[in-house]
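Please consult the sequence and structure shown below while reading.

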Protein chains: 2
Amino acid sequence: METTTDTQWLTEPQQRVWRSFLGATTLLMDRLDRDLRTAHDLSMPEYEILVRLSESPDRSIRMAELAAQIMHSRSRVTHTITRLERKGIVLRQQAASDGRGVTAVLTDHGFAVLEQAAHTHVNGVRAYLVENASAEEFDVLGQVMGRVVSQLDVNGTCATP
Amino acid sequence: METTTDTQWLTEPQQRVWRSFLGATTLLMDRLDRDLRTAHDLSMPEYEILVRLSESPDRSIRMAELAAQIMHSRSRVTHTITRLERKGIVLRQQAASDGRGVTAVLTDHGFAVLEQAAHTHVNGVRAYLVENASAEEFDVLGQVMGRVVSQLDVNGTCATP
DNA sequence: GGGAGTTTGTTGAACGCTCAACCACATGCT
DNA sequence: AGCATGTGGTTGAGCGTTCAACAAACTCCC
């Protein structure tokens with residue numbers, strides 16, 4: 001891959017930034033997840049799915065499309081949807097146009113759960129992230145993260161093992 | 001926790017930023033982890049531990065201190081160290097001063113593994129993150145993430161379930 | 001100096017994710 | 001039409017994480 005000589009190491013300040021980034025994401029995701037779990041028995045990945053479904057026409061999205069939107073593998077989405085289905089939050093439905101297709105549909109109960117959970121989640125995002133940046137800084141954050149996504153999210157499809 | 005009325009929702013642009021952030025961290029961590037695994041049979045959490053150990057006097061750190069540094073639970077570190085020990089990369093050692101204490105020590109072989117893996121990792125961080133930001137933007141990123149850490153990392157100790 | 005309370009580290013079960021293999025359907029080529 | 005290749009979704013095993021419970025050692029205070 002690389003020889004032992006051609007690697008440009010990070011400067012000390014760059015390293016500090018990188019470690020802050022690593023620490024911040026670890027703590028942030030952990031905290032948001034825990035908040036959702038304790039208050040609504042919902043994990044972050046589950047919550048993300050509910051949000052996407054709720055915004056979609058008919059509150060339903062094809063499995064592969066769902067996976068692409070939240071950057072998870074198809075397999076992972078299958079497992080998550082299975083759990084959500086068991087909780088009565090979501091249900092599976094054969095896609096009309098494509099014999100293989102399966103679409104996940106948000107149930108009324110699922111929508112109600114989401115309406116509750118959204119408060120917890122949004123308050124968390126504000127308190128832990130948004131409030132820690134000025135409007136300009138937050139903007140910069142968005143731009144950089146956007147570039148990372150477009151670089152790494154090759155052709156809009158997540159790693160599909 | 002909250003009533004149904006007092007939640008300040010995110011504006012549409014704020015939402016876009018948050019989703020970019022979520023997507024970027026998912027893709028980024030995934031990719032760095034995969035790169036390390038395929039090239040050096042090492043996960044990101046494992047790698048983080050090796051880095052901290054290598055920088056420490058005697059290449060050794062107490063378990064709890066290690067957990068605090070990388071923001072993982074003590075339990076998680078125990079498991080990870082157990083796996084690393086099995087690979088001969090690290091070994092456990094009774095702490096002199098404290099009867100309960102255990103310190104993890106990086107072996108020579110572990111250090112050699114790290115020397116290789118570091119190239120892969122740093123090149124990844126540069127290519128996927130650093131190069132996607134100007135110097136100023138990267139700086140802003142560091143400041144914001146730093147604030148998040150100091151808010152969420154209450155008294156320097158990670159969630160200790 | 002002898003308990004009450006705290007800190008350190010481990011354990012095992014349950015949960016969630018990854019990975020490779022797989023089937024079913026769709027598409028394209030000739 | 002018929003076969004090759006690609007896509008959509010699932011499955012189950014194995015791995016890594018969380019969580020609650022625990023034992024051992026330290027601290028403090030009377």
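## Largest pocket

The largest pocket holds about 900 Å³ of space. The model is a predicted one. Lining this pocket are 24 residues, and A:Thr25, A:Thr26, A:Met29, B:Thr25 and B:Met29 are the closest to its centre.

Two or more lining residues are contributed by each of α1 and α2 (44–55) of chain A and by each of α1 (12–40) and α2 of chain B. With 7 residues, α1(B) supplies the largest share of the lining. By class, the lining of the largest pocket comprises 9 nonpolar, 6 polar and 9 charged residues.

## Second largest pocket

For the second largest pocket, the volume is about 520 Å³. Its lining consists of 26 residues, and those nearest the centre are A:Gln15, A:Arg19, B:Tyr47, B:Val51 and B:Glu55.

The elements that give two or more residues to this lining are α1 of chain A and, from chain B, α2, α3 (63–70) and α5 (108–128). The lining of the second largest pocket divides into 13 nonpolar, 8 polar and 5 charged residues.

## Contact of α1(A) with α2(B)

Helix α1 of chain A (residues 12–40) packs against helix α2 of chain B (residues 44–55) at an angle of about 135°, and the two axes are 14 Å apart. The angle therefore makes α1(A) oblique to α2(B). Their crossing is left-handed.

On the α1(A) side, the contact involves A:Gln15, A:Trp18, A:Arg19 and A:Leu22, which meet B:Met44, B:Glu48, B:Val51, B:Arg52 and B:Glu55 of α2(B). This contact has 4 nonpolar, 1 polar and 4 charged residues.

Key: Residues are numbered from 1 along each chain as its sequence is written. Chains are lettered from A and ligands numbered from 1 in the order in which they are written. This is a predicted model: local features need pLDDT of at least 70, side-chain atom pairs count only at pLDDT 80 or more; totals for chains, interfaces and linings use all residues. Side-chain values use heavy atoms; hydrogens and water are left out. Axes are lines fitted to C-alpha atoms, for helices over the stretch in contact, and angles run from 0 to 180 degrees between N-to-C directions. Helices (H or I, at least four residues) and strands (E, at least two) are DSSP runs, numbered from the N terminus. Angles under 35 degrees count as roughly parallel, over 145 as roughly antiparallel, 65 to 115 as roughly perpendicular and the rest as oblique. A crossing is left-handed if the near helix is turned anticlockwise from the far one by less than a right angle, and right-handed if clockwise. Contact means heavy atoms within 4.5 Å. Ala, Val, Leu, Ile, Met, Phe, Trp, Tyr, Cys and Pro count as nonpolar, Asp, Glu, Lys and Arg as charged, and the others, Gly among them, as polar. On a 1 Å grid over the protein atoms alone, a cavity is a set of points where a 1.4 Å probe fits but cannot get out, and a pocket is an open set with protein on both sides within 12 Å along at least five of seven lines; lining residues have an atom within 4 Å of a point. Grid points are joined across faces, edges and corners, and a volume is the space filled by probe spheres set on the points.
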